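Biologist: Please take me through this model one feature at a time. I would like to begin with how strands pair.

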Amino acid sequence: MKEKHEYKKATIEDIEELVRTRIIVLRAANQLSDDVDMSVVEKESYAYYKRALETGEHIAYLVYDNETFIGAGGVSFYQVMPTYHNPSGKKAYIMNMYTAPEYRRQGIAIHTLNLLVNDAREQGVSQIALEATEMGRPLYEKYGFVKMEDEMELV
């Protein structure tokens, strides 16, 4: 079956689009209006993408319907100490999942997620995590992600 939309693996040339979509995702996930200042996040996101795309610490996909941006997703890679359950210590964190409202429920997010998980698996990563919004949770559960009970965070 021919895919209806274009799933483009982002390169350094896509950095402006990546930063723009990152701000869209953060505004949507945090229910922030357009007048909330995101300039620092924008600047830091640019620096992050510039470094992480070059080193391979981050892979992102941009999704288009013809020339129109309709979705995105990314995965960040990091290293922790090896453990019994994760002898390599390699981990991945999926983030920045987004589908434009008028394109939801068409399989775009699941296809993007599959690309990201496959990229992580190709790099030998066995532990993949993400943070889910209420809207995204059913998709991730259907894919096989489970709620983690043992992690804690200092806020």
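Modeller: Two strands count as paired when DSSP finds at least two bridges between them. The model is predicted. Here, strand β2 (residues 58–65) and strand β3 (residues 68–79) pair in the antiparallel sense over eight bridges. Within β3, G71 is the bridge partner of V63.

Biologist: How many bridges join strand β1 to β2?

Modeller: Four bridges join β1, residues 6–9, to β2, and the two strands run antiparallel. Y7 stands opposite V63 in β2. V63 can therefore be read in both pairings under the bridge criterion, with Y7 opposite V63 and G71 as its bridge partner in β3.

Biologist: How should I read burial for a whole strand, taking β2 as the case, and how many of its residues are buried?

Modeller: A residue is buried under 20% relative accessible area and exposed over 50%, with partly exposed in between. Seven of the eight residues of β2 are buried, so the strand is largely enclosed by the rest of the structure.

Biologist: Which other residues have a positive phi without being glycine?

Modeller: N96 has a positive phi of about 65° although it is not a glycine. R105, also not a glycine, has a positive phi near 70°. N96 lies in strand β4 (residues 90–99), and at 7% relative accessibility N96 counts as buried. R105 lies in the loop between β4 and α3 (108–122), and at 80% relative accessibility R105 counts as exposed.

Biologist: Is D14 buried or exposed?

Modeller: The position and the area are read separately. D14 sits in the loop between β1 and α1 (15–29). Its relative accessible area is 11%, so D14 is buried. Leaving aside neighbours within four places in sequence, D14 is in contact with K8, K9 and L62.

Biologist: Where is S88 found, and which residues does S88 touch?

Modeller: S88 is in the loop between β3 and β4. With a relative accessible area of 32%, S88 is partly exposed. Not counting residues up to four places away in sequence, S88 touches Q79, P82 and G124. The C-alpha atoms of S88 and Q127 are separated by 9.9 Å, although these residues are 39 residues apart along the chain.

Biologist: How many helices and strands are in the protein chain?

Modeller: The chain has four helices and five strands. From the N terminus on, the elements run β-α-α-β-β-β-α-β-α. The radius of gyration is 16 Å, close to the 15 Å that the globule rule gives for 155 residues, so the chain is as compact as a globular protein of that length. Along its principal axes the C-alpha trace spans about 45 × 40 × 30 Å.

Biologist: What are the totals for burial, contacts, surface and charge?

Modeller: Buried residues make up 38% of the 155 residues. Of the contacts with a separation of 6 or more, 59% are between residues 24 or more positions apart. The chain exposes about 10300 Å², and carbon and sulfur atoms supply 53% of that area. There are 18 positive and 25 negative side chains, and the centres of the two sets lie 4 Å apart.

Conventions
Residues are numbered from 1 along each chain as its sequence is written. Side-chain values use heavy atoms; hydrogens and water are left out. Buried means under 20% relative accessible area, exposed over 50%, partly exposed in between (1.4 Å probe, protein chains only). The radius of gyration is taken over C-alpha atoms; the globule rule is 2.2 Å times the number of residues to the power 0.38. Contact means heavy atoms within 4.5 Å. Accessible areas come from the Shrake-Rupley method with a 1.4 Å probe; for residues, only the protein chains shown count as cover. Lys and Arg count as positive and Asp and Glu as negative; His and the chain ends are not counted. The place of a charge is taken as NZ of Lys, CZ of Arg, CG of Asp or CD of Glu.
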